[in-house]
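Biologist: Could you take me through one part of this model in some detail? I'd like to look at the sheet and the aromatic rings.

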Amino acid sequence: MTDAPPTVLFICQHNAGRSQLGAALLAHLAGDRFTATSAGLSPADEVNPAVAATVAELGMNITDRVPRAVTVDDLDAADVVVLMKPGLSLPSTPRGELLEWSFPNPESWDADAVRPLREAVAEKIRTAILT
């Protein structure tokens, strides 16, 4: 039997903004109580710079993270799968609990516009995962 913390997988379209934000915020808020990961359906080339900037304000550097595609193995390994946009078409059915959240795509936003999104995602994590 293992005492590994539950794995939470955040998924968005490009794994550059919302899902990266969710994983970083869960790690920030929960410490080692959870394993936070992220992936996307059609990964971008890099993490959204405005999202990375707002996460840096909390003392975390995510600029070196590389967006990646979600896999069947990811979905089998996750205890909780969080879709940051409802209705995303996944490569298989998640094994764990599926949460569908609705957050706007910050693809062309600057850091000032991302801050309210960061706070909204943090509050959703506090109420839906950490409680």
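Predicted model: local features only at pLDDT ≥ 70, side-chain atom pairs only at ≥ 80, totals over all residues.

Modeller: Let's start with Phe-103, which is buried, as its relative accessible area is 14% and the cut-off for buried is under 20%. Trp-101 falls in the buried class too, at 4% relative accessibility. These two rings form an aromatic pair, with 6.2 Å from centre to centre and 80 degrees between the planes. That makes the pair edge-to-face, because planes over 60 degrees apart count that way. A search of the whole structure turns up two aromatic pairs, and ring pairs join Phe-10, Trp-101 and Phe-103 into a cluster.

Now for the sheet. Four strands make up an open sheet, in the order β2-β1-β3-β4, and the pairing is parallel. The edges belong to β2 (35-40) and β4 (97-100): each has a single partner strand, so one side of each has no neighbour in the sheet. On average, neighbouring strands here are turned by 20 degrees against each other, if you ignore direction.

Zooming in on one pairing, β1 covers residues 7-12 and runs parallel to β2, with six bridges between the two strands. As background, strands of a sheet pair through backbone hydrogen bonds, in either a parallel or an antiparallel way.

Notes. Residues numbered from 1 in each chain as written. Heavy atoms only, no water. Pairing = 2+ DSSP bridges. Axes fitted to C-alpha atoms, helices over the stretch in contact; angles between N-to-C directions. Phe/Tyr/Trp six-rings, centres within 6.5 Å; stacked < 30°, edge-to-face > 60°. Buried < 20%, exposed > 50% of the residue type's maximum accessible area, 1.4 Å probe, protein only.
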